[in-house]
Amino acid sequence: MSALTGKQRVQKLFKREPVDTMPCFSGQGAVVIQAIEKMGTKFAKIHTDARLLAESAITSARIFNMDAVVIPYDMAAVAEAMGRGISLYDGADGIIYPTVPNKWKNLDEIDIPKDYLSRGRLPMIDEAFKIIKQEAPDLGVGAWVLGPFTLAGQIMELDILLKGLKKQKEQIEIFLDQVTQVTVDMVKHYQTLDVDFISVRDMGSGTDLLSPRMWKTLVGPNLKKVFDAITCVPSVNHICGSTDMIIEMMHECGANALSVDQKNNVALTREKLGNDVLLFGNFDPYKTLTQLEDVKEVEAVIKQCIDNGLDAVWPGCDIWPDVKKENMEAYVRTVKEYGKKASPAVGRI
Amino acid sequence: MSAQEEILAALKQAVVDYEEDDCAEAAQRALDEGVDPMLAVMEGLAAGMEEVGVLFDTNEYFVPEVLMCADALYKGLDILRPHITLQTDAPKASVVIGSIQGDVHDIGKNLVKMMFDVAGWDVYDLGRDVPLEAFVEKQLDVKSDVLAMSAMMTTTMMGMKKVIAMVKEKNPDCLIMLGGAPVTRDVANLFGADGYAESAGNAVSEGIKMIGRLREYQKGDIK
């Protein structure tokens, strides 16, 4: 039997069908500087042009033999489409991700335009998906959206939102309902683009910020609505930061897979959730791919992730684009070699 | 319990219960009844924030509660601070603080700023999404003792390294503090910083612990 393509490997993983080896991919940004340099462009330019966005994703995957791509790279696209603006930092040196400069400052100001799906860069991102599917049919294609709570923090001031959870609970609940509908619209839209998976990243909702009780009442139910709306594509529930206290509730939201970062005790999570759950994570991307001096240390980190019971080794956050080439190679190589043995939820061919 | 002790307890409780109006009222009472305003700040407001730190460390309070406690503290501080008379021969420390370019988050930064405000430092708050050069220009302009920078995401952390290099080159005596979710002790050392707070959560703990040390210092417990 010939080797699987990256797309096949990713698709089988989500179906929990046996694969030849563990696919190496991410639901977090995985664009790397080596690709940007090879294309002769700058990081600040790849967020606004469909061709550059698609090409940077494909080139990053090709250089390091990753199995899938995921776009876009920044968190600001939906907020920008709602008229909150965009800071691209195109005059700055080095790598700075786009941000949202004009968040709403109170609940009374909020006015979500009905046609946001056709505004800002969202149509351009759709076009980038089409280019990727045409030009790299062998690669898995991932889309991602912000979870409702994190999206809420992208369009209104976070401290107002956090304090509002206690001071203006009813109004905040209504606002979160509105934002949840936006996320539902987004995931429905991405399903029509026939992507291979959708990752919902509510990265601002971990227990570094919120109590488990708040998560249970204000985050979990809204995430469940989002996952209920993802009916024909595999889904991933990703939260970074502290998740040990909410991991069972994350699982109850109904995604096909869970993704956590390095703060999660994966061995314990696996014990809590059992072997049938697809579990992804959880290495520190900056430390592992940018800082470690010896590829043997990288290999050890990745092997530990697999030994702890993960079904795919995902970075806990976006890969910092300025990775060391040899560290990135060691990451992918170790996943593919050490990942030949079955993982808890997925067997091997 | 003496009237002074009652007022200090009321200030402390108002911060813990995040009751802004109660805190303002207790602060005004402190002034009206002749309580030393510095004592009211340290043994009332700061003591309350220390207890908030304990509640945070034991997962009874989370960031929303801490933010509201900070609001209550500032209500009292705004009333008390104008009445604090500094000894003319006492050195007054200063800090330039801000969130680095590319980072629009400022919760951790604001909590650390609170610590400097309580301590009575001159605080130059540059806000968030601050261009690298603005940190350098302001530090060199006001010659602050400390430069404090925050980055909530890995994606903005690298800018800190450039600022540290620029400031240390021109003013090697300036102490540099880093904070934010992606900043570890290793990163702080690698970048040439003098101190760090690891995350929004740790900024809360670290900021409050600094307040605790400040209170001990004021009491002459440590030198």
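How many residues of strand β2 (residues 140-146) of chain A are buried?

1. The model is predicted, with local features requiring pLDDT of at least 70 and side-chain atom pairs pLDDT 80 or more, while totals for chains, interfaces and linings use all residues. Side-chain values use heavy atoms, without hydrogens and water, residues are numbered from 1 along each chain, and chains are lettered from A.

2. Strand β2(A) is mostly covered, with 7 of its 7 residues buried (under 20% relative accessible area, 1.4 Å probe, protein chains only). Strands here are DSSP runs of E with at least two residues, and helices are runs of H or I with at least four, numbered from the N terminus.

3. G140(A), G142(A), W144(A) and L146(A) point one way from β2(A). V141(A), A143(A) and V145(A) point the other way, and the residues of both sets are buried.

4. Strand β1 (residues 68-71) of chain A pairs with β2(A) in the parallel sense over 4 bridges; pairing requires at least two DSSP bridges between the strands. β2(A) also pairs with strand β3 (residues 197-201) of chain A, in the parallel sense over 5 bridges.

5. G142(A) stands opposite V70(A), and its bridge partner in β3(A) is F197(A).

6. Chain B has 9 helices and 5 strands, in the order α-α-α-α-β-α-β-α-β-α-β-α-β-α from the N terminus. Of its 223 residues, 52% are buried.

7. Among contacts in chain B (heavy atoms within 4.5 Å) between residues at least 6 apart in sequence, 71% join residues at least 24 apart. Chain B exposes about 9,700 Å² (Shrake-Rupley method, 1.4 Å probe), and carbon and sulfur atoms supply 47% of this area.

Terms used. Buried < 20%, exposed > 50% of the residue type's maximum accessible area, 1.4 Å probe, protein only.
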